[in-house]
Structures are given as structure tokens and as C-alpha cells.
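Keep the viewer open as you read.

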Amino acid sequence: MSKASERNKKRKKGKEILQSISDNPSEYLIIHYSCESFFNLPQGNTSRITSIAVRSVKNAQSHSFSIHKIAELTGILPNQIDKNYNDLEKKMLDEYFDFVRKYPEHKWIHINMRNINFGFEAIKHRYRVLGGEPVSINDNLKIDLARLLIDIYGKQYSPHPRMESLYKLNKITMASFLKGEEEAAAFNNGEYVSLHQSTLRKVDNMHNVISLSVENDLKTKSTIFQVYGITPAGLFYAAKENWIVATLMFIAATFIAAIISIGIKNFS
């Protein structure tokens, strides 16, 4: 299979997933979470989790699970959270996995939640460490938005850090948004409310990107050649999906045909 054909195959599959999200929004949930930085941990330890946000694609309602909310409910003061962290984290994850059990067939849209450092497996492992029994989400029900956008728009759709740059390019608000290093600092300073607000902001922004992409209104840095490839096959696929490209190719073909015709007549 040529690169253009493979590229088109991925793009077509990605567009089908987007269409499914648009047609069946009640079947999709968006998830993100914040945690302790995993770069400076003792070997073998997993990051402690501070907050998890899950947003419904259908109605934009967000469910959140956070350390500071559990502390408030149990009467623990903010300056005492660190001393009671494991117990609070366990209760928070109890709530989260009770929520997950209610949606066994839903599809979960995420960003890079793919491994034991950061991802669904990291949350499950942390819950086991604290004595819980996690429920698994089938891998077939997980959709990595970052990879989906690459499949649709190509690797150059946004400069690194890709999602942050994409939000800014599309004028999606960055209020309460914390970068990776800012999240690590917030955790070390016990700023759990800020981490929670950042997590909520990120699922909201992810939802905005999905909506814009479904409506073909998402702005990216990709050129048409980066999306489809610089080959005759790539141009063919571009023409099939884009009427402007098809029109330009028709005009170019007509012009070339006219030049050839004139050349033949002059030669005769």
C-alpha cells in the first residue's frame, strides 16, 4: 500500500470516528486527570492522583473527583490533606471507579493516557496500591484524541506542545489551564483546587476541539499536502474531499489540455 493510500485510510477512519461522536454523543465520555509529577519519584512508585474529570459529550456535564472535595466532605482542613493523603485518595478513587462501573459500554476520549506513567493503567495501579479493586475499561473503548487529530490532519497540525498550541490557535480559553511543570509545582505546593480547575478546563477544551473538528471549523497548521501527501494519489484523495481542490485541478487540467492542443496545432 502506498503512503498516500495508507494516509487516506487513517484519515478516513479518523473521520468516521468523528462522525460517530457527532451522531451518537450519548455514547462518549471525555476524561482527563492531574497527578503528582512522575519524573522525580522513587523508582517503582506511581504518581499520586489529585483530581479526575469526566465530561459527557452529549450534554457537556462534567463529573469530577478530587482530593480537596473529599477532604471537605470528611472535615479535613486543607493544610491537613498531605497528612491524610492516602486515605483521601482512596475515597476519591472509590467514587471514580463507582462511576466507571455505570458506563461499561461507553467510549472514553482522552489525551495520551496510554501507560503506567500516565493513563488508565496508572489510575488502576494506584487504586490497587491503596487497597482498591479497580474495574477495567476495554482498550477498544478508548480513543486518544491526540492520535486521532494526527490521523485526520497529519503530524504538523499543531506545533509542540500540540494541544496547548491548538487551543490558542482556535482561541479556546486557557483560563485555569496549567502546563505540565505548573501542575507539578501546584502539587508540591498543595494547590489542589488549582489542579482540579485545570483538569476541568482541559476536558472542556478537548470537547471544544472535538466540536470544531466535527463541524470542519478546526484551525490547524497543516497544509493540504501535509494532510493528503504530495503524490498524484494524495491529490486524488484531496479532490474527492475538497471541492476547492477539485475545482483547481479541473482548471489546471483544462489549461494544460489547451496548451497541448495549441502546441499540436502549431506543430501540424
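Start with helix H6: the cover over its buried residues includes helix H5 (145-153) and H8. Helices here are DSSP runs of H or I with at least four residues, strands are E runs of at least two, and both are numbered from the N terminus. What you have on screen is a predicted model, where local features need pLDDT of at least 70, side-chain atom pairs count only at pLDDT 80 or more, and totals for chains, interfaces and linings use all residues. Residues are numbered from 1 along each chain as its sequence is written, and side-chain values use heavy atoms, with hydrogens and water left out.

So which residues of H6 are buried? H6 covers residues 162-169, and Met163, Glu164, Ser165, Leu166 and Tyr167 are the buried ones. Buried means under 20% relative accessible area, exposed is over 50%, and partly exposed is in between, using a 1.4 Å probe and protein chains only. Take a look at glutamate 164, which sits in this helix: its relative accessible area is 11%, so it counts as buried. Setting aside neighbours within four places in sequence, glutamate 164 is in contact (heavy atoms within 4.5 Å) with Met174, Phe177 and Lys179. Just after H6, lysine 171 has a positive phi of about 55°.

Now move along to helix H7 (residues 180-188) and helix H8 (residues 192-214). Their axes come within 8 Å and cross at roughly 150°. Those axes are lines fitted to C-alpha atoms over the stretch in contact, with angles from 0 to 180 degrees between N-to-C directions. H7 and H8 are therefore roughly antiparallel to each other, a label for angles over 145 degrees; under 35 is roughly parallel, 65 to 115 roughly perpendicular and the rest oblique. On the H7 side, Glu183, Ala186 and Phe187 meet Tyr192, Leu195, Ser198 and Lys202 of H8. That contact has four nonpolar, one polar and two charged residues. Here Ala, Val, Leu, Ile, Met, Phe, Trp, Tyr, Cys and Pro count as nonpolar, Asp, Glu, Lys and Arg as charged, and the others, Gly among them, as polar.

Strands pair if DSSP finds at least two bridges between them. Arginine 55 has serine 62 in S3 as its bridge partner. S2 and S3 make a hairpin with five residues between them, and alanine 60 in the turn has a positive phi of about 65°.

Finally, zoom out: the protein has 11 helices and five strands, and 42% of its 268 residues count as buried.
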